[in-house]
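Here is a short briefing for a first look at a model. Please have the sequence and the 3D view open.

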Amino acid sequence: MVGLFLIAVGTGGIKPCVAAFGGDQFEDHQEKQRSTFFSIFYLSINAGSLLSTIITPILRAQECGINSQQKCYPLAFGVPAALMAVALIVFIAGSSMYTKAAPKHNVMLQVCKCIGFAIKNRFKHRSSAYPKREHWMDWANEKYDKLLIAQVKMVLKVLFLYIPLPMFWALFDQQGSRWTLQATTMNGDFGGFVVQPDQMQTVNPILILVMVPIVDSAVYPLIKKCGLNFTPLKRMTVGMFMAGLAFVAAALVQIQIDQTLPKFPSHSEAQVKFLNMENNPLSVSVDVTPFDIQAFQSSGNYLNLNTETATVAVNGSEFMVSLIKGRRQTVLLGSTGILESRQDLNSKPEQGNNDIRFVNGFGTVLNVTGAKDLGAITPYNFSDYGLVPQGKATFTILNAEGQTCNYSITLGFGSSYTLIIPSTFSFGPDCWTTIQQVEDIKPNTIHMAWQIPQYFLMTVGEVVFSVTGLEFSYSQAPSNMKSVLQAGWLLTVAVGNIIVLIVAEAGQLPEQWAEYVLFASLLVCVCIIFSIMAYFYTYIDPAEIEAKFTEQNPEDKEEEKKKGLELGNMSSLAAEKPEQTKQTKI
């Protein structure tokens, strides 16, 4: 918690100020250079994100420790901390070259006080006896100067425009959650290299590094040559629409994935599979349904049963099997009947890994180690499941006499296997040939490459939305409130994450693809609302407006004081005749 608190404080200090500070390094006539800066600034953020995503897991995977060797989290956290210290030193070293505006007062506090006074004063003078004012913030004239009021108006105008924006971030930030979970049900084998589900997130920063220069130096100039007025708010609208399309693409991919996923039992049914541990076929019937099971093989797919018990006949002899509704289980059969029963996995293995277990059909206790230490397995019994990553996994089977047998299996993503060590097993050079594989859960078949289109659409949306948003926030902010608007921009990101929780909990949709469509639909609706708001928005030049109030002469200020006194006199009259006052709209 201490680490998270320090990160929150540090991020809260850096993020709202760094973009505004960078923009301050340019003069008013350097709008093009400032726009390029915001693109490079966003590009550098994603370059850091890419390096962190690639390097940090490598550092963490190293083994370190004094008393015991384990994953090296100190190295994974220590290296970024050291690099941050170096970056701070470099930043401070260039201090003399920066354009720095000296801090004067707490702008945020002053803005809040000004807004609070305007609301209070407006409510106090809500009677129709008082003349209306052009803007509700004008009710702060009695206490605050017109320059501050004008600056607050500019800030509120942009903050009002920010209201629909959190919906974009609600979709964008699901790349690290919903989309990563989607990748765990996909195949990440690209031939020459293998991509783990959580590594698919690197597609976004990679595409950012490619798309930002292309969009900034080619797409925008081309649109301008075509005579189209592609304003910042129009860009942001297009970005929101592209993010919606990305989630439609994610929904289409999810529909294809769902068709390949195993059908796990509902709460009203049980699923059961049988394994023949004999060296000859067995004639089996379950609730009068007959079938044969070959030697050291399974009965095939799981049988769906709606009862809590099942009558199993083996070579003419009947036995009762207890079933658990909502669960899968495997039953070992021999010529004498039921040997053992064990519950199976009820979901896909996590993070694209594979679950492996052994069944000992040999006459003595066997110990299984290697890719996963499964421990000792007694005759005609199961080992526990062991979670094994994608790739080639080698297990060592050891008996009490010290004889060993190495067995290798090549695994994909998200599969589950039961490996049968039969009674015909013997230690020797070809010992592995008698071990039988039984597939409980099929490996993922939909390739992770199908996620690239949705990442591409989301990245294009991010480039035209986020980079433009940073620039727009800076250009429309008063000179002393750049960081205030940047903080407001970042607040939309936080609200977007909260929206994900609210919508996901309130929706309770049974299918993931339906949730993707729901988020896409909500963003399209919000996009339409934002486009209407953007249509009526009038772009301003804060420097020009501030200059008008800076040049205000003393006579104007004296006139303001007189108006304040007149308003006070009117208040007194209104207090004497309350029956004549009427409420008006705030």
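Predicted model: local features only at pLDDT ≥ 70, side-chain atom pairs only at ≥ 80, totals over all residues.

Residues are numbered from 1 along each chain as its sequence is written, and side-chain values use heavy atoms, with hydrogens and water left out.

**The sheet**

- Four strands form an open sheet in the order β13-β12-β16-β17, with antiparallel pairing.
- Strands here are DSSP runs (E, at least two residues), and helices are runs of H or I with at least four, numbered from the N terminus.
- Two strands pair if DSSP finds at least two bridges between them.
- The edges are β13 (375-377) and β17 (404-411), each pairing on one side only.
- Neighbouring strands are turned by 30° against each other on average, direction ignored.
- Strand β12 (residues 366-370) pairs with β16 (residues 391-398) in the antiparallel sense over 4 bridges.
- Gly370 stands opposite Phe395 in β16.

**The helix pair**

- The axes of α2 (residues 31-61) and α8 (residues 203-225) come within 8 Å and cross at roughly 165°.
- Therefore α2 is roughly antiparallel to α8 (angles over 145 degrees count as such).
- Axes are lines fitted to C-alpha atoms, for helices over the stretch in contact, and angles run from 0 to 180 degrees between N-to-C directions.
- Contact means heavy atoms within 4.5 Å.
- Residues in this contact include Tyr42 and Leu43 of α2, and Ile208 and Val212 of α8.

Terms used. Parallel < 35°, antiparallel > 145°, perpendicular 65-115°, else oblique.
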